[in-house]
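Biologist: I'm new to this one. Could you walk me through it and tell me what the terms mean as we go?

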Amino acid sequence: MIAVSLTRAQDFKKALQSGAEYLELRTDYFTDQQLKHFVEHSTLPIIYTIKRPTSYVPNVAYIDRDSFHDYQRTPSYHLLDQVISQRSFPKVATQVNTVDDLYTLAKLQKKHGKRAIIIGMGELG
């Protein structure tokens, strides 16, 4: 599963044309009105990530409330595999600092397939 995370309103059309399979919309980047617009006009299934209290909860492909983030590094394969196995709809996002980090995330994606969203952040991610 490949998802593109929208962080700026002006990148909406670019995100839809990125080749990703899903569009992630986060409540901490946009107003409820903007989120509604994106949901109504998206040609991709939506992953709706709730990061702040919101009254707008649309009917979308997935709602993310239970995700794992490490903004500094990519933890070990074993640790991330445990995190994924313990969640009903897992999403893992880690900072990619080396090619080995990319390999770790690729191995996880191969093992868990569409059951998990795995995101590499940063310049190499």
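**Helix 3 and its buried side**

Modeller: In helix 3 (residues 77-85), the buried residues are Leu 80, Asp 81, Val 83 and Ile 84. They sit on the same side of helix 3, because they cover an arc of only 160 degrees around the axis. This is a predicted model, where local features need pLDDT of at least 70 and side-chain atom pairs count only at 80 or more, while totals for chains, interfaces and linings use all residues. Residues are numbered from 1 along each chain as its sequence is written, and side-chain values use heavy atoms, leaving out hydrogens and water.

Biologist: Why are residues such as Leu 80 called buried?

Modeller: Buried means under 20% relative accessible area (exposed is over 50%, partly exposed in between; 1.4 Å probe, protein chains only). Leu 80 is among the buried residues of helix 3, so its value is under 20%.

Biologist: What do the buried residues of helix 3 pack against?

Modeller: Strand 5 (67-70), strand 6 (91-95), helix 4 (99-112) and strand 7 (117-121). Contact here means heavy atoms within 4.5 Å. Helices (H or I, at least four residues) and strands (E, at least two) are DSSP runs, numbered from the N terminus.

Biologist: What makes strand 3 covered on both faces?

Modeller: In strand 3 (residues 46-49), Ile 46 and Tyr 48 on one side and Ile 47 and Thr 49 on the other are all buried. In a regular strand, side chains alternate between the two faces of the sheet.

Biologist: How do you know that strand 2 and strand 3 pair?

Modeller: Pairing takes at least two DSSP bridges. Four bridges join these parallel strands, so strand 2 and strand 3 pair. Glu 24 has Ile 47 as its bridge partner in strand 3.

Notes:
The arc is that of the directions from the helix axis to the C-beta atoms.
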